[in-house]
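Welcome, and please have your viewer ready. We will go from one selection to the next and look at what is there.

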Amino acid sequence: MRIEAPPSMVQLATEALMRMLLSGRLRPGDRVVENQLTQELGVSRPPLREAMRVLEQQGLITQQPRRGAFVTQLTLHDIYEIVTLRRQLERMAVDLGVPVREPARLQRCHAALDRHEACARSGDWLGVLEQAVEFHSSVIGLSGHRRLEEAYRSIQLQMLLCMGMNRQARASGESLVDDWDRHRRLLEVIEAGSPEAVHRQLATHGDMTFLDGIEERVGGHSPESLAWLKRVREGDT
C-alpha cells in the first residue's frame, strides 16, 4: 500500500487561491493583497508568496511594477493556445496508451472518476472541476509517458479555469451528476480499446461549450485565435 505525503502549505495555499478564482471571489483585474490573504487563509507570507509564484508561472497572476499582483484576464489567444495544446497532448496520449496495457493505469482513471462522482452527488461543483482535471490527467497517464504528463500538468491550472467557464456554460442543461456521467462514458470508450473511437468521443465530449460567444466576453483577439474559433464552429477541431 502506497502512503501519500500530506500536502504542503504551498499546495494548500495554491488550491485555496484557485478556489477563490473559480468561485469569483477573485476576479480578473482584482489586486491580490498579501496581508488580507494571509489572514483569510491562515498561512504565513512565504507559502502564500510561493503559491502566488505558481499562479504567476501559469499566467493566472500578473506582477505589475510598483503596483503589486493582479488576477490576469485570459484572452482569446490564451484560450486558443490552452485548448489546442490540450487537444494535441490528449491525442498523443490516446495513441500511445489505448488499448491500455497496464491495469494500474486504468485503476487510476477509475479512482479519479469515483472521486468525481462523490463530489457530484454531494453538490461540490468546485470538487467536480478539480476531479475532472485529475481524471483527464489520468487519461494522459495511460500513455506511460512521464514527460507528456508533465507537459499536460504544466497547463493544468489554466485548463481548470477553462473547465470552470465550461461548467458555467453547461450548468443550465447539465447537472453535476450528468457531468460525471459524461466522463464515465469516455472511460467506457477507453476501456473498449479503440484509439479512433476515443478520439471521436473526445471530439464530442462537450468541453468546448464555453466557446459559444467567447469572443464577445474576452479581449486579446488574434488572427490565429479567430481562425481557430471559426474551425471549431465548423466542426473541424
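Begin between the two domains: domain 1 and domain 2 bury about 980 Å² between them, with carbon and sulfur atoms giving 66% of that area (buried area is the accessible area, with a 1.4 Å probe, that two parts lose on being put together, summed over both). Now select Arg19, Leu22 and Gln58 in domain 1: these residues lose the most area to domain 2, together 68% of what that side buries.

A word on what you are looking at: this is a predicted model, in which local features need pLDDT of at least 70 and side-chain atom pairs count only at pLDDT 80 or more, while totals for chains, interfaces and linings use all residues. Residues are numbered from 1 along each chain as its sequence is written, and side-chain values use heavy atoms, with hydrogens and water left out.

Next, colour residues 9-71 as domain 1 and 76-234 as domain 2; these bounds come from an automatic or database domain assignment. Their centres, taken over C-alpha atoms, are 25 Å apart. Ten residues of domain 1 are in contact with 16 residues of domain 2 (contact means heavy atoms within 4.5 Å).

Now select helix H6 (residues 125-141) and helix H7 (residues 146-153), which pack at an angle of about 155° with axes 9 Å apart. Helices here are DSSP runs (H or I, at least four residues), numbered from the N terminus, and axes are lines fitted to C-alpha atoms over the stretch in contact, with angles running from 0 to 180 degrees between N-to-C directions.

Finally, show the side where they touch: Glu134, His136, Ser137, Ile140 and Gly141 in H6 meet Leu148, Glu149, Tyr152 and Arg153 in H7.

How values were computed. Helix = DSSP H or I, 4+ residues; strand = E, 2+ residues; numbered from the N terminus.
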